[in-house]
Every structure is written in C-alpha cells, then in structure tokens.
Amino acid sequence: MSAEFSFAPDIERFTALPDPVRARIAKAKLVVLDVDGVLTDGGVYYGPDGGVTKRFNVQDGLGIEVARQSGLLRFAVITGMDKPAVAARLHDLHIDDYFPGLTDKRESCEIVRKRHGFTNEEVAFIGDDWIDIPVMTHVGVPLAVGNAQPETKAAAVYVTQAHGGNGAVREAIRLILHCKGQLEHVFAAWMKRNNT
C-alpha cells in the first residue's frame, strides 16, 4: 500500500471490517443512490418564485465520475422528488438510470438491476431514511450515510462517517473500490490521465 493510502483514516476503518463484510462489499457493481439526504444534505431550498434548488458535493461528483470511468461501477439514482436541479446534476455526472418521483424504490432498483444484468448481490444502495429500508434489505450491499435515521443505519452493512451531501457518497465509493482491491489503481489511473 502506498504512503498516500496507508495513513488515510478511512482506509484504516475499511481494513478493520470483518473479512465477510469486505467480501460482500467487493461484489458491488451497481451503486444505486438516493438524492435527498445522500447526494444532498437533505435541505430543501426554496427561491422567491417557489422553485427548489439543491446543494451537491463536488467531491461526491468526482468520485462518481472517476469510478464510472474506471468501468468498475455503474450508478443509478432513485428519488421520491422530481426536480429539475437533480436532473441537471445527473446529466453532468452522466448518470442515465434516473427514477424521479418514486416512493417504491425497490421496484425501480429491480428494473435497473435487470436492465444491466446484475444480481442482487452485485447491487449497493446508499440510503438515509425509512423509505430506503425496503430496498436496502433487498440488495447485497446496503449502505447508510452517517446522519441516517437509526433504523436505516441498522439495515446497513456499513455506515459512512461523512454525512449526506458532505462526502458520504465519495466515502462509500472509496470503500467499494478498496474492498475490490482497486482504489490505488483507480487513483493512479486518474492521476496519469490528468498528467499529474
């Protein structure tokens, strides 16, 4: 392990996970994300005209982009709200599997899983609230953000230290890539592509 990675606090946490948990996480190929409270901080910002804006974390975005470009992970988004700000952000991130305005996330997760030929064990879902628990209990790699509801955390095999909208997605991506033994390789490939 290189010096950049050997002292990273998250790597120490990932390495401390039991072997069966790390093996389970390593199977993930499709990462399904909630929006409010996972990709965002859960806040809803209303403008004077009643329009809704959302705050996204750029580190989460870069993590999604790098993992997607590596070919190791595919991403999908399922959310209960249908807002133009979300569609715009997902367009920027090249996430085509987007299911807005749905409360039955398990059904949508099944659609995208089957569309791409993944097994349940190859699907990770990152959630934060009760509405996410039914799909979390159905996938192979249920993950929760650090500020998720207690019951949601209980359904997860790993809870990020980072909160939703504040690096939780990036931490989950690092976790999956680490468990696959690919985090350093993905980092080195990104650095090489960007001439650094």
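Student: Are helices α5 and α11 roughly parallel or roughly perpendicular to each other?

Tutor: Angles under 35 degrees count as roughly parallel, over 145 as roughly antiparallel, 65 to 115 as roughly perpendicular and the rest as oblique. Here α5 and α11 are roughly perpendicular to each other, because α5 (residues 58-70) and α11 (residues 183-193) pack at about 95°, with their axes 10 Å apart. Each axis is a line fitted to C-alpha atoms over the stretch in contact, and angles run from 0 to 180 degrees between N-to-C directions. Helices (H or I, at least four residues) and strands (E, at least two) are DSSP runs, numbered from the N terminus. This is a predicted model, in which local features need pLDDT of at least 70 and side-chain atom pairs count only at pLDDT 80 or more, while totals for chains, interfaces and linings use all residues. Residues are numbered from 1 along each chain as its sequence is written, and side-chain values use heavy atoms, with hydrogens and water left out.

Student: Which residues make the contact of α5 and α11?

Tutor: Contact means heavy atoms within 4.5 Å. Leu62, Val66, Gln69 and Ser70 contribute from α5, and Val186, Trp190 and Arg193 from α11.

Student: How many residues of α10 are buried?

Tutor: Buried means under 20% relative accessible area, exposed over 50%, and partly exposed in between (1.4 Å probe, protein chains only). In α10, 10 of the 12 residues are buried, so the helix is largely enclosed by the rest of the structure. Among them are Ala168, Glu171, His178 and Cys179.

Student: What span does α10 have?

Tutor: The expected span of a helix is 1.5 Å times one less than its number of residues. Helix α10 (residues 168-179) reaches 16 Å from its first C-alpha to its last, close to the 16 Å expected. Glycine 181, which follows α10, has a positive phi near 75°.

Student: Where is histidine 94, and what is its phi?

Tutor: Most residues other than glycine have a negative phi. Histidine 94, not a glycine, has a positive phi of about 60°. Histidine 94 is in the loop between α6 (84-92) and β5 (97-99), and is partly exposed, with a relative accessible area of 45%.

Student: What radius of gyration does the protein have?

Tutor: The radius is taken over C-alpha atoms, and the globule rule is 2.2 Å times the number of residues to the power 0.38. The protein has 16 Å, which agrees with the value near 16 Å for a compact globule of 196 residues. The protein contains 11 helices and 8 strands, and buried residues make up 46% of its 196 residues.
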